[in-house]
Number of protein chains: 2
Amino acid sequence: MKLFDKHKNILDNAVKALHERTFFAQYPEHPSPKIYGENADAEGQENFKRSLNNKFEELRQANAERWVGSENSPYLQDALGITYPAYEPETIIKSAQKAFDPWRKTAVDDRTGLLIEALENLKTQFFDIAYATMHTTGQGYMMSFQASGPHAADRALEAIAAGYEELNRFPESAHWDKPMGKFNIQLSKRWRAVPKGISLVVGCSTFPIWNSIPAIFGSLVTGNPVVVKPHPGAVLPLAIVVAAIQKVLTENGYDPNTCMLAVDTHDEPITKQLAESDAVKLIDFTGSATFGNYLEGIKHKTVFTEKTGVNSIILDEVENLDKVLQNLAFSVCLYSGQMCTAPQNFFIPENGVKTPEGQVSFDDVAKRFSAAITALVENPKAGPYVLGAIQNQDTCDRLDDLRSIGPVWLASTTLENPMFKKARTATPMVIELSSSQSEHYSKELFGPVALLIKTKDTAESIHLAQKLAREHGAISCGAYALNADLKYEIEDAMGLAATPVSFNLTGGIYVNQNAGFSDFHVTGGNPSGNASITNPEYVIKRFTWVGFREPAV
Amino acid sequence: MKLFDKHKNILDNAVKALHERTFFAQYPEHPSPKIYGENADAEGQENFKRSLNNKFEELRQANAERWVGSENSPYLQDALGITYPAYEPETIIKSAQKAFDPWRKTAVDDRTGLLIEALENLKTQFFDIAYATMHTTGQGYMMSFQASGPHAADRALEAIAAGYEELNRFPESAHWDKPMGKFNIQLSKRWRAVPKGISLVVGCSTFPIWNSIPAIFGSLVTGNPVVVKPHPGAVLPLAIVVAAIQKVLTENGYDPNTCMLAVDTHDEPITKQLAESDAVKLIDFTGSATFGNYLEGIKHKTVFTEKTGVNSIILDEVENLDKVLQNLAFSVCLYSGQMCTAPQNFFIPENGVKTPEGQVSFDDVAKRFSAAITALVENPKAGPYVLGAIQNQDTCDRLDDLRSIGPVWLASTTLENPMFKKARTATPMVIELSSSQSEHYSKELFGPVALLIKTKDTAESIHLAQKLAREHGAISCGAYALNADLKYEIEDAMGLAATPVSFNLTGGIYVNQNAGFSDFHVTGGNPSGNASITNPEYVIKRFTWVGFREPAV
């Protein structure tokens with residue numbers, strides 16, 4: 001049975017979901033033994049332990065020029081000691097170029113079937129990937145499983161489905177029959193979706209899988225060979241994914257170098273050399289604005305970026321302030337604010353927030369918000385697992401500098417993780433600022449920081465949230481407002497700043513979360529990034545429509 | 001009756017045609033009195049004459065700051081003397097910004113209906129536009145009518161249809177219902193296609209309408225106000241189009257400045273000031289690589305370009321050499337080679353071209369090709385009308401410089417036009433080059449120039465055609481080959497260079513022609529331009545998908 005036929009049902013569901021944008025998940029998000037197998041978790045943990053201080057030998061790419069690795073676990077604050085096959089940039093480019101011809105000539109259906117097969121196989125490694133993600137990013141166990149496993153696989157499937165649809169958007173051929181009066185001109189026409197060339201996917205240290213595999217599968221389905229360059233601090237999760245893809249490739253007679261892992265170290269980075277190679281036509285990047293802007297500026301490349309943003313919460317009126325503040329406290333605590341969607345700037349009018357019980361003053365909101373964070377942090381069943389660990393020491397160091405910028409409603413401290421005594425942790429800090437202190441809140445302060453910004457009124461809050469999104473980018477926005485006109489005003493203002501808005505969230509759904517097949521992640525319309533996962537542009541730009549015609553016989 | 005309902009049938013047919021890519025035309029290409037009215041041609045000519053040495057007062061845009069105009073007729077070699085309302089760039093930007101809010105808030109259906117109404121009205125002015133095009137571009141009468149009238153209107157309709165489809169690609173709202181085990185999380189979600197902002201459409205001197213109105217209508221349908229900046233040498237055709245759009249806008253209660261004409265002169269150009277304005281988010285440009293590259297390099301803009309290219313003909317084997325050479329002679333003569341799709345480099349193997357009668361030597365091909373051109377040029381019923389006039393004296397001047405680069409098989413001369421004794425004309429020149437003289441054939445030589453390049457064999461011809469397209473861009477390619485493997489090889493090589501190929505054209509269809517709803521014009525995948533009329537990217541990039549969500553009630 002052809003892989004395409006085997007997985008046709010998954011593809012059809014995915015394409016349908018892409019358009020309906022209602023809830024859809026191919027991969028269950030709960031790490032349940034009933035779904036994933038009784039021993040799956042234990043085996044995943046075991047596999048992770050076995051990989052430590054060893055060569056990673058699952059890849060099918062051959063002829064390693066050397067073995068390198070420099071990962072550290074934020075939970076163990078110790079080196080993982082895993083090494084990966086490494087190559088000179090020229091070797092990588094040559095290998096990818098060689099893999100290009102057979103891959104681009106593979107029928108779209110065959111590429112699609114093979115890539116879904118790879119995802120289905122990957123499902124059996126979700127726990128391996130989860131532990132690899134924990135010990136490179138510092139994410140909590142649940143987020144590591146969900147964000148790097150089922151959620152990421154769903155977003156990859158989404159990219160496959162979007163690509164499949166675009167590749168079939170126009171007919172392979174058509175008979176063009178133009179009446180000219182006394183005779184007709186008849187042409188036989190054909191069209192090809194020509195892949196652009198080598199696709200470089202540059203991973204990040206905090207979400208190595210979720211942010212990268214839509215790009216990997218989006219480029220592969222459209223016929224481009226992919227070079228995966230992980231962040232040197234978070235290689236293992238991507239190594240597992242690339243190995244799974246290479247396994248399916250080789251088992252089906254394709255060159256494993258169709259999807260290559262290109263590992264480097266902090267000391268000897270190779271991203272620029274790869275990115276600037278003439279043969280590299282596509283670049284996907286998640287990370288700093290500085291490096292993202294550099295990549296966007298390289299001529300003759302199609303570049304997809306997710307960079308930094310400044311996310312706002314607009315507080316005007318609520319039905320239940322405690323529920324709102326609990327929800328926001330969770331958003332701030334989740335992975336210690338190390339999410340591109342985490343809220344940073346909380347705009348609160350100087351005369352407070354409207355509630356059914358009357359106006360609650362700015363100071364009371366600040367106090368109760370800080371208390372909600374403390375309650376979550378100090379809950380031993382939740383705190384350590386929601387906060388996880390801090391990926392990079394720089395994030396902790398930055399917190400010190402912030403203490404002096406305004407009144408501190410809640411100080412950051414460390415939090416003991418009962419399972420990992422050495423974990424690098426930092427609890428959220430809450431700082432008050434005036435709306436005039438834009439020099440402090442007009443940039444991304446990556447990590448567990450909430451700025452409560454006192455505004456004249458909600459109109460000023462909206463104005464500032466829009467301005468920040470337009471000038472510095474924003475990936476999410478939360479708004480608490482009950483008046484319909486005001487909600488429209490917020491929607492319109494943030495819409496113009498190309499920033500999605502979540503209104504009045506409480507309970508178990510958070511502004512940080514973006515669901516596959518429903519929420520476009522990043523819009524591409526403000527400085528936080530030029531790409532959106534997964535809108536049509538995300539796959540269309542990976543190939544070119546070229547037409548061929550000749551007189552019909 | 002709403003305009004959308006009135007024109008729903010046209011829209012449906014256009015969307016269908018876009019996908020089938022078989023022959024479709026909403027606007028008949030023949031300037032027949034039966035179709036367009038007995039007096040339409042005479043009235044068009046009369047209207048043109050009346051406009052000479054007068055203010056152009058059809059625009060609804062108010063408060064002209066001054067009246068300017070500097071057009072010259074290539075047929076009369078005399079000033080047209082028409083002046084147009086002109087404004088400072090800041091005035092234009094402010095006016096467009098003011099028009100943005102009501103236009104973006106107009107329902108997609110209403111925008112679509114109104115724009116099709118504008119095209120339908122424009123149909124009654126096709127002859128006005130034809131004479132305006134003749135006397136600014138130098139195109140022959142038939143091309144002026146077709147390319148600026150029905151063909152352009154079809155391409156504009158195509159952009160409307162593509163835009164309409166993309167804007168309706170995702171639902172306006174959805175109910176998202178996620179099972180969480182013991183409860184469900186339910187969100188009410190909405191999406192908006194948010195227009196990017198002011199769209200600047202920069203016209204060119206040779207195809208002011210055909211190259212510009214897909215952009216104008218593509219930007220308008222997606223909700224962006226448009227500033228049309230014509231080439232100072234070809235204002236009148238676009239002025240008529242903008243006036244027609246403004247008439248429909250005002251009649252339906254919209255701000256005429258939703259589509260503004262921004263006229264400048266050679267001495268005081270305003271394009272850079274407009275392009276660099278923060279408020280301008282979209283730029284469409286047709287013209288030189290130098291200026292196009294500058295525009296592409298401006299940060300934070302979405303730029304659509306058609307620049308220069310080097311188009312090749314690959315000659316390997318033919319069924320009927322005379323028919324082939326007649327076809328190619330026409331392609332070279334048509335509008336004196338001033339088309340972006342005109343062939344320039346003819347790659348011919350040193351041992352000649354295969355025919356059923358045996359190999360025809362390089363020299364014989366050159367001789368017979370030159371003779372075919374001469375026959376067409378000297379045919380009094382065809383020559384002057386096919387060649388038209390030369391838009392810009394620089395094009396004639398450049399021909400002089402070329403005479404020394406290689407053996408001249410056919411010299412360029414002037415050609416008397418019986419209707420316009422003063423017309424600026426130049427017949428095609430044919431020059432032989434060796435494949436080693438890449439310095440001469442690796443750039444666009446705009447105008448009536450055919451280079452016959454002697455190659456070792458067809459493999460070298462393909463190699464060079466691909467290399468030129470990749471490095472310098474190409475918009476068209478013609479190939480004459482009968483062997484199936486060889487055809488595949490050409491298709492594959494030129495496909496990788498993102499260049500469409502027309503195989504074995506003879507008779508009344510030419511490599512220069514691209515048909516609306518069927519042929520993508522420019523692919524966007526090589527240096528000849530980054531945009532393609534009309535692929536999905538051409539409209540998708542004019543707006544941003546933004547999502548909004550809140551707990552379902």
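A salt bridge here is a side-chain nitrogen of Lys or Arg within 4 Å of a carboxyl oxygen of Asp or Glu. In this predicted model, Arg169(B) and Glu166(A) form one through their side chains, at 2.6 Å from N to O. Across the interface of chain A and chain B, the rule finds 22 salt bridges.

A word on conventions: this is a predicted model, in which local features need pLDDT of at least 70 and side-chain atom pairs count only at pLDDT 80 or more, while totals for chains, interfaces and linings use all residues. Residues are numbered from 1 along each chain as its sequence is written, chains are lettered from A and ligands numbered from 1 in the order in which they are written, and side-chain values use heavy atoms, leaving out hydrogens and water.

**The interface**

Chain A and chain B each bring 67 residues to their contact (heavy atoms within 4.5 Å). Together they bury about 6,100 Å², with 56% of it on carbon and sulfur atoms; buried area is the accessible area (1.4 Å probe) that two parts lose on being put together, summed over both. Phe23(A), Arg169(A) and Arg549(A) supply 12% of the area that chain A buries against chain B, more than any other three residues.

**Two helix pairs**

Helices (H or I, at least four residues) and strands (E, at least two) are DSSP runs, numbered from the N terminus. Axes are lines fitted to C-alpha atoms, for helices over the stretch in contact, and angles run from 0 to 180 degrees between N-to-C directions.

| Helix pair | Axes come within | Crossing angle |
|---|---|---|
| α6(B) (residues 108–122) and α10(B) (residues 213–221) | 9 Å | roughly 155° |
| α9(A) (residues 150–167) and α10(A) (residues 213–221) | 8 Å | roughly 25° |

The angle makes α6(B) roughly antiparallel to α10(B) (over 145 degrees). Residues of α6(B), including Leu115(B) and Leu119(B), meet Phe217(B), Leu220(B) and Val221(B) in α10(B). In chain A, the angle makes α9(A) roughly parallel to α10(A) (under 35 degrees). Among the residues that meet there are Ala156(A) and Ile160(A) of α9(A) and Phe217(A) and Gly218(A) of α10(A).

**Backbone notes**

Most residues other than glycine have a negative phi, and most peptide bonds are trans. A cis peptide bond joins Ile533(A) and Thr534(A), with omega about -15°, and Thr534(A) lies in the loop between β18 (501–503) and α21 (536–540) of chain A. Chain B has a cis peptide bond between Ile533(B) and Thr534(B), where omega is about -15°. Arg21(A), not a glycine, has a positive phi of about 60°; its place is the loop between α2 (8–20) and α3 (33–36) of chain A.

Note on methods
Parallel < 35°, antiparallel > 145°, perpendicular 65-115°, else oblique.
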